[in-house]
Every structure is written in structure tokens, then in C-alpha cells.
Amino acid sequence: MDKESSGKQDTFPSSDIETNRFVAQEIVMPRPRTKWTERCVEVTLVVAASTSIILVGLIFLFLFREAAPFVQHPGLSSLMGDRWIPVSFQKEQFGIYPLVTGSILVTAIATVVAVPFGVIGAVYLSEVARPAETETLKPFIELLAGIPSVVIGFFGLVVLAPFVKAAFGLETGLNAFTGGLLLGLMAIPTIMSVSEDALRSVPASYKQASLALGGNQIQTIWRITVPAALPGIVAAVMLGMGRVIGETMAVMMVTGNAAQTTFKPFESVRTMTATIAAEMGEVPFGSDHYRALFWVGIILLVATFLLNIVAQRVLKRYSVRQ
Amino acid sequence: MRNVTTRTLTAISIGLLGMLAACSGKKGNEVTVVTVKGSDTMVHLVSMWAEAFMKNHRDVEISTTGGGSGTGIAALINGTTDICASSRDIKDTERAQAEQKGITPVETMVARDGIAIVVNPRNPVQELSLDQLRKIYTGVYTRWSQVGGPNEPITALSRESSSGTYVFFQEHVLNKEDFAQTVRLMPATSAIIQSVVLDRWSIGYVGIGYAHEAGPQVKILGVKATEAGLAVMPTEAAVHSGEYSIARPLFFYTDGDPTGAVKQFVDFCLGPDGQRIVRETGYVPVQ
């Protein structure tokens with residue numbers, strides 16, 4: 001610090017004003033200056049730490065700015081419909097019901113698929129498996145989490161879709177069920193590792209008490225450990241759902257992307273993410289279609305935002321209990 | 001060690017100097033810039049042409065942008081592009097506008113674009129009329145028995161709405177009607193082919209280059225222009241002669257007959273190398 005300030009002083013021309021300032025720095029500033037630099041550093045650190053908050057804020061801002069003109073021209077009521085026909089020679093329609101139901105249906109199926117595997121796997125890893133087994137299994141689970149979604153999507157299109165088609169006697173495997181199955185596969189690592197952390201942080205005294213009272217291992221796991229870790233497991237499931245609802249590429253390749261409002265698992269659905277990904281690239285800038293896509297993005301962001309907040313709340317409650 | 005490093009460094013510097021010299025040498029020459037603007041369908045084709053052309057003509061730089069045929073024609077009228085790439089004819093109103101501004105649009109057909117209808121090889125249906133296709137894709141027909149096949153459900157596959165092919169199909173086959181909501185929109189041509197290969201009762205449309213590439217894995221249907229007409233297969237000859245109904249010419253428009261570098265480029269596109277690229281990118285040559 002000293003070196004830097006003396007260097008600065010040398011470069012000042014010795015006019016009267018500068019001399020005054022020089023004196024002021026020498027005599028008055030020392031304590032405030034340290035405070036000032038300290039605050040500077042503090043502010044820098046706070047800014048660095050809150051980058052993600054700022055980014056989320058900016059993203060919200062940007063989304064709303066791009067979406068806002070839609071409110072005036074076609075009006076928000078045009079989003080409330082069950083026909084998504086953005087490219088038409090007749091009349092463009094931006095009803096988002098089919099997209100919302102598509103996302104909900106696929107997410108629900110994925111959750112139903114992923115929860116048993118994720119939670120039971122986590123129980124096994126944390127309570128039953130020997131250390132050697134854990135060490136073999138964990139890298140593979142992490143590997144599954146790291147596979148690019150387009151690769152999983154291609155696997156879904158070539159392997160899973162024909163399998164679903166044959167197993168259920170359908171005319172095509174391109175439907176919500178295949179999408180849900182594939183996304184469930186992608187959510188398992190998230191659910192498993194967060195649940196495992198929750199299970200591991202259950203105090204050993206709980207289990208010891210149960211075993212001391214004559215409970216066997218299975219009883220201890222299902223009646224003591226899992227219930228004690230339940231908030232953590234719920235949070236794990238919600239984080240997994242957050243991953244699923246935001247997934248794009250894999251789901252785009254296997255759901256068939258037909259925009260129909262349906263809750264039948266063997267129908268083709270179009271999710272919000274797939275719609276944005278497929279249409280944003282070629283949409284005329286500033287058109288109604290462009291704005292409508294931003295509204296879809298806002299709905300999606302709000303949904304994942306809420307899921308994450310709820311998950312965080314549940315996790316917080318859990319850690320307080322500890 | 002030090003010696004080796006010095007030598008390597010010297011070698012690298014000399015190399016860099018050489019490259020610099022080469023660059024500045026190139027810049028020293030006059031570079032003619034030719035702009036091509038228009039049809040999004042043609043962007044890929046035009047940039048392939050431009051790349052091949054620039055390899056042999058280092059003094060010409062071709063810059064390619066899309067935006068749509070309408071945008072391209074507007075740019076030609078305003079004199080902001082040398083060549084307009086268009087997948088449709090120029091309209092009379094546009095021609096009048098151009099002539100007002102003293103520009104004479106000259107049309108050169110550079111390639112043809114055709115769309116093949118593909119089904120699974122185990123599907124017994126051999127041909128469909130344009131009207132039947134329209135009814136399949138607008139959801140009027142939902143079973144193959146309605147078009148002379150067995151009583152099985154039809155799984156109709158389409159490209160995403162962002163695709164130029166989607167719009168072309170909607171305009172010329174669906175007569176500008178909307179696609180049915182049950183039509184599955186696939187993210188890529190390869191995904192359509194893949195699904196048709198796997199699903200016995202699905203139907204899709206793809207650029208004819210892709211359809212021929214897929215070989216015996218898919219069956220290409222004959223298309224009848226009218227109910228009473230003859231079914232025509234999308235062969236190069238049929239697309240060329242205009243007998244095949246789901247096809248369109250792709251044009252270059254220039255202000256007056258092309259001259260200089262523009263002429264060189266247009267001639268290259270129409271020449272044997274240019275037309276080979278047309279075939280390689282999945283379109284039909286005009287020559």
C-alpha cells in the first residue's frame with residue numbers, strides 16, 4: 001500500500017492544489033483510507049459472492065423485457081389456449097397449455113421412475129454397501145450424471161424408443177413415457193447423491209439406540225434412518241425434478257414433440273424446453289412468436305425457481321433439526 | 001538446451017514472419033467482395049459453393065447471408081446485394097419495384113429442391129396423391145386403410161416449424177392449412193429417417209437427397225399430382241422435368257446479366273463442380 005501511494009505522489013505535479021491534497025492525504029486520511037480500502041475489498045468480495053444472484057436477476061429482467069410487448073399486442077389471453085401453432089398461413093396461435101401439460105407429464109413420469117431407484121440406491125450405498133462396493137459404484141453414478149444429454153437422447157431414440165414400443169405394443173416409441181423414462185435415468189444420480197448425503201448425516205446415536213432396543217438392520221433403516229433423513233430425501237427429489245423439467249435435448253429427441261394437451265403417457269407431447277430449443281433458432285426477431293417463446297421461458301424459470309426454493313427450505317429445516 | 005530453444009524460437013519467428021508476409025501480400029491484391037443474400041434453405045448450399053469457389057479464386061471473397069427469399073429480393077431491389085438467392089419466383093410487384101429503381105432482376109435457376117415421402121419398407125402402400133398427403137398431415141386420415149393400406153394407425157412425422165421444408169410442405173402439400181396437432185415434429189431429418197426405419201406405420205417427408213442416402217432402409221412413395229394421375233417417383237429426372245409435384249426450383253437473381261466476379265461465381269455454380277456440390281448437399285442439379 002505504502003509503495004503504491006508514494007509512487008502516486010511522485011507523479012503529481014507540484015502545484016498548490018496538489019500540495020494541499022498531498023498534505024491532506026498525509027495527515028487526515030490514514031485511518032479513513034484503510035477503512036476505505038477495506039470497504040473496497042469487502043464490496044468486491046460481496047459482488048463476487050453475489051454474482052449468481054445478480055445473474056438470476058439480470059436473466060429475469062432480460063426475459064421480461066423481451067416478453068413484455070406481447071402483453072400489449074396479442075395480449076396475455078392468447079397464451080391461454082390449447083393450440084400451439086406458431087407457424088401458420090391461417091392464424092398463428094400461441095396457446096401454451098399443451099406445452100405446460102407436456103412438461104408436467106414428462107416430469108411426473110420421470111419422478112415416478114427415478115425416486116425408487118435413487119432413494120433405494122442411496123439407502124444401499126450409505127447403510128448396506130461395504131466401502132469397496134461404494135467406491136466402485138459411486139464413480140459410475142457420477143459418470144451417468146456427466147453423460148451429455150444429446151448422447152442420452154440418441155440412446156433413447158435408437159434403443160429405448162424401440163424397446164418401449166415393443167414392450168407395450170405401440171405403433172411408435174416416440175411418446176411421453178419414453179421421455180419420462182429417459183429423464184428419470186438422468187435424474188437418478190442427482191437424487192441418489194443428495195439422498196445419500198442426507199442418510200449419512202443421520203446421527204449414529206439414532207441407529208445405535210434402535211439396534212440397542214433390539215431392532216434389526218432392516219427395521220433400523222426403514223423406521224429410523226430413512227424417516228430421520230426424509231427432509232433431505234424430499235429435497236433430493238425436488239432437485240432431481242428441477243433437473244428433469246429443465247432438460248431439453250434428450251426429451252426433444254424422444255417425445256415426438258406434438259403439441260397436444262394430454263395426460264396419457266403413451267401420447268406424444270411437446271415440452272416447454274423442447275419448444276424453445278426447436279423454435280428459437282429460426283424465429284423472426286421481435287415477432288409475436290419470439291415474444292411468446294420468452295413467455296414460455298419465464299414460466300419455465302419460475303417453475304424451476306419455485307422447485308429450488310422449496311427444496312432449499314426443506315433442506316434448511318432438516319439441517320436445523322440436526 | 002538453450003541453443004535448441006533459441007533455434008526453435010528463431011524458426012517460429014521466421015515462420016510467423018513468412019505468414020505475415022503472405023497475409024499482407026494477399027491483402028495487397030485487390031479483393032472483390034461478392035455478397036449473396038436470401039433464402040435460408042439455400043444458405044448451406046451457397047456457402048458450400050462459396051468455399052469451393054474461393055479455393056480457386058483467391059481474389060474473390062463471397063459472403064453469404066440468409067434471412068429468407070423475401071429479404072434477399074428486397075436487398076437486390078435496394079442494391080445492397082450482388083446476388084439474391086431465392087427459393088421462389090420473384091413476384092410481379094417486386095419486379096415493378098425493382099424496375100422503378102432502375103434494377104433489372106435476371107433469373108438463373110441454379111438447383112432444384114425436391115421432397116420425398118418415405119415410409120417403412122414393410123408398409124404395403126406404394127403411392128399417395130397430394131390430396132391424400134394433405135389429409136394425412138391435417139389429421140383427416142388417421143388410418144392406413146383410408147389410403148388403401150391395412151387397418152393400422154398412421155404416425156405422421158414432420159420437421160420442426162423452424163425448417164424451410166416445413167413451410168414449403170405446408171404451402172404446397174397442405175395448401176396452407178395447419179398441420180394436425182398429433183403430427184410429431186422431429187428435430188432433424190436424421191431423426192425422421194430413424195423413426196421411419198423403426199416404426200412400421202409411420203410416414204415422413206425429407207429432402208430427396210436424404211431419402212436416397214437412406215437406401216433400402218426406407219421406402220420412397222410415388223406421388224400423384226391428382227387423384228387420377230400417374231404416381232411419379234422423385235427421381236432426378238422427374239424433379240428436373242417438373243413431373244414430380246413436391247419440388248421447387250432454386251434461383252439466383254442478379255441486376256442485369258451477371259458480369260465480372262459475379263459471373264465467374266454463377267458460372268462456377270452451374271458448372272460440373274458446382275452441380276456436383278448440389279448433388280452432395282441433397283438437392284437436384286439443373287444441368
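**Note on the predicted A/B complex**

1. The lowest mean among its elements, 53, belongs to helix H1 (residues 2-28) of chain B, and the highest, 95, to helix H5 (residues 130-137) of chain B. Over residues 23-28 of chain B the pLDDT is below 50, and this stretch has two contacts beyond near neighbours in sequence. Contact means heavy atoms within 4.5 Å. Helices (H or I, at least four residues) and strands (E, at least two) are DSSP runs, numbered from the N terminus.

2. This is a predicted model: local features need pLDDT of at least 70, side-chain atom pairs count only at pLDDT 80 or more, and totals for chains, interfaces and linings use all residues. Residues are numbered from 1 along each chain as its sequence is written, chains are lettered from A and ligands numbered from 1 in the order in which they are written, and side-chain values use heavy atoms, with hydrogens and water left out.

3. Chain A has a mean pLDDT of 85, with 88% of residues at 70 or more. Its confidence is lowest in helix H1 (residues 2-11) of chain A, at a mean of 44, and highest in helix H6 (residues 97-128) of chain A, at 94. Residues 1-19 of chain A stay under 50, with 10 contacts beyond four places in sequence.

4. For the complex, the predictor gives an ipTM of 0.73 and a pTM of 0.74. At the interface, 32 residues of chain A contact 27 of chain B. The two chains bury about 2,400 Å² between them, 54% of it on carbon and sulfur atoms. Buried area is the accessible area (1.4 Å probe) that two parts lose on being put together, summed over both. In chain A, A:Val87, A:Phe89 and A:Glu171 lose the most area to chain B, together 26% of what that side buries.

5. Two salt bridges (a side-chain nitrogen of Lys or Arg within 4 Å of a carboxyl oxygen of Asp or Glu) link chain A and chain B. In one salt bridge, A:Lys165 meets B:Asp199 at 3.3 Å, N to O.

6. The whole structure has 19 salt bridges over all chains. B:Lys224 and B:Glu127 form a salt bridge at 3.7 Å, N to O. B:Lys224 lies in strand S10 (residues 222-224) of chain B and B:Glu127 in strand S5 (residues 127-129) of chain B, so the pair ties together parts 97 residues apart in sequence.

Definitions and conventions. pLDDT = per-residue confidence, 0-100.
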